[in-house]
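Please keep the sequence and the structure in view while reading.

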Amino acid sequence: MATHEIFMPALSSTMTEGKIVEWLKKPGERVERGESVLVVESDKADMDVEAFQEGFLAAVLMEAGSTAPVGETIGLIVETEAEIAAAKAAAPAPAAAAAAPAAAAAKPAPVAAAPAPAPQAPAPVAAPAPVAPVAPPAVATDGRVVATPRARKLAAQLGVALASVRGSGPNGRIQAEDVEQATGQPVSVPRVAEGTAPAMAAPAGNGSAAAPAAPAGQAFGRAGETVAFNTLQQAVVRNMNASLAVPCFHVGYTITTDRLDAFYKQVKAKGVTMTALLAKAVGVTLARHPQLNASASDAGMAYPAAINVAVAVAMDDGGLITPVLAAADRTDLYALSRQWADLVARSRSKQLKPEEYTTGTFTLSNLGMFGVDRFDAILPPGTGAILAVAASRPVVAALKDGSIAVRRQMQVNLTADHRVIYGTHAAAFLKDLAQLIETSPESLVL
Amino acid sequence: MASNIPAILFEAAAPVPFPLAWEWQRQLQRRRLEDLSAPDAALLLQHTPCYTLGRGASLGHLGFDPARPPLPLHRIDRGGEVTHHLPGQLVLYPVLDLQRHGGDLHFYLRALEDVVLAVLQELGLAGERIEGLTGVWLEGRKLAAIGVGARRWISQHGLALNVDCPLEGFGAIVPCGLAGRPVGRLVDWRPCLTPEQVAPLLLAAFECRFGLALRPPGPQEGLAGLGEG
């Protein structure tokens, strides 16, 4: 028994949401693999969206005419006709066309601490049970746990063993709410019908209508509780602990960004993102400073074959992931921008392949969008360095000629493994990076 | 460019009814879907007068009863609102594997705009884009309409550039759903210009922008109903 989700596809790196023009299949209809199921429109372009699995269209979660953010679940496909009813029952009511969200797709916010190359979203059955069963186990028919797709997804995300959850649905079927109760956690994953909730919005309980003023920051539990780490968070814990065995040091640099900012304004309309610009600048500079791309191993200093810049991204439901821009030094800036949009969209929907988030050779962590003026990052295992990038802000600067001017400046802070990277390596790298950003950011499109 | 990829160009000598040209595109798209190594292709033609609606287009932009249209009305599988086709308007329908051309539908729309902008530049005209309004504009008038559809990244439909066609037929609709934005044609800026003169400019700009080398169809590559040449 399996339920497959149909996601709003990213038809362009500059697409944040798409309009469902038409469902070519009706709920309950048979769908062949590769057959077109619906049509999505973005700007003046239509694309047929095909089924990746054969089965039956069980539910349409967003009606034709409505708009959904990229990566949003818009429909469900089940493998057998018998599963249609269950999937349908579990699915939220389709969002009406009138309720089409207007806000841009919520993007996961990049995060400070060193990211954990996390394991892929675990299969529900394999999830450990960090929470003691609070009720008699689920009514299992012929040895199988009966749960709604949403409950399964949530259980996987929260690291809850479904077998330990008591289902409150028809015939003891486990509902999302039951999983939520079992962990004591509010459901932090927005329901499809409210898909525009920003990623960093308070994870207010969906059920509690009369909630007091929603907290502004993200939390995973309620006051007075202790909440078990979910699998993604456990991966972070492991990696953070491992970093304690690495002798790290930090080197900071202040970079003037007026020219970079001006250049960014020019290329923004072409779909270039600041993340891609920074990754490209770092990639190009790493090519000239291979020592910063190296890491310590038992055999000695390991020099990777490619320069793969990983960028830390916080997941809505806890944990961090580091999608990788492979060969960032050699890949064209526009292609990098498109790749990044695609990686972010697929990391939200947990569709990244392991090689897409575990192969970074250097990590970038950017908290600039929050206005942070400086921070330091923890080194991800298996790499030699991570760069923490803070906000670019106007400051009064004393220039070389003694005059005073307002310049936009940002602080970057490199964390490096001193077994491999020494102070002079770090300093030379930062100096070149600063020079590239300050004097010739235009060269990044070449 | 030396490394241009060969692509087949189909040209129609006389104006083509919309359904026939649509069927040709679908034939070409099917060939691509069945044979991943099939070459890119493009159709260059003019249509007999008609109106077409994108798949999600609103009937509210029609100035007539859709049950009794003044000209044939077709709802087709492209994005965008209603538009009007007629002789004197050059239509270019690329059937491309967009994954070989960036794999990005918005970039593709911008690239089609680039093709028309390059044609205008050849004619000494400074066409413009208007952000959020896909198409090519000249002094506030829309010269080229763009709308595409894709299946597994194989494109169909494309762009329509008004050369010397009468514009009255656009009066019966709100073209592309944009009220208060008039439609224009090249001949109002460059009198005496004909589609036959613009066609080579359009093809050259298309080849250049997409890195293609257009060639006529081979004996096995013909389309039913499309004569030689």
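This is a predicted model: local features need pLDDT of at least 70, side-chain atom pairs count only at pLDDT 80 or more; totals for chains, interfaces and linings use all residues.

Two strands are said to pair if DSSP finds at least two bridges between them.

Strand β10 covers residues 154-162 of chain B, and its pairing with β9(B) is antiparallel, over eight bridges. One point of reference is B:Arg151, which stands opposite B:Ile154 in β10(B).

Strand β9(B) also takes part in a hairpin with β8(B), again with two residues between the strands. Here B:Glu139 is the residue with a positive phi near 45°. Strand β8 of chain B, residues 133-138, runs antiparallel to β9(B) and is joined to it by three bridges. In this pairing B:Leu138 stands opposite B:Arg141 in β9(B).

How many residues of β9(B) are buried? The number is 10 of the 11, so the strand is largely enclosed by the rest of the structure. Among the contacts in chain B with a separation of 6 or more, 75% are between residues 24 or more positions apart.

Attention now turns to the place where the chains meet. Strand β9 of chain B, residues 141-151, pairs with β5(A) in the parallel sense over four bridges. In β9(B), B:Val148 stands opposite A:Ala45. The contact as a whole takes 20 residues from chain A and 20 residues from chain B. On the side of chain A, the elements that give two or more residues are β2 (17-23), β4 (36-42) and β5 (45-50). The largest share, five residues, comes from β5(A). By class, this side of chain A has nine charged, six nonpolar and five polar residues.

Chain A also contains an open sheet of four strands in the order β1-β8-β6-β3, with antiparallel pairing. Its edge strands are β1 (3-7) and β3 (30-31) of chain A, each of which pairs on one side only. Strand β1(A) pairs with β8 of chain A, residues 73-78, in the antiparallel sense over five bridges. There, A:Phe7 stands opposite A:Thr73 in β8(A). In general, strands of a sheet pair through backbone hydrogen bonds, either parallel or antiparallel.

Terms used
Residues are numbered from 1 along each chain as its sequence is written. Chains are lettered from A and ligands numbered from 1 in the order in which they are written. Two residues are in contact if their C-beta atoms, placed from the backbone, lie within 7 Å. Ala, Val, Leu, Ile, Met, Phe, Trp, Tyr, Cys and Pro count as nonpolar, Asp, Glu, Lys and Arg as charged, and the others, Gly among them, as polar. A residue is buried if 20 or more other C-beta atoms lie within 10 Å of its own, exposed if 12 or fewer, and partly exposed in between; C-beta atoms are placed from the backbone.
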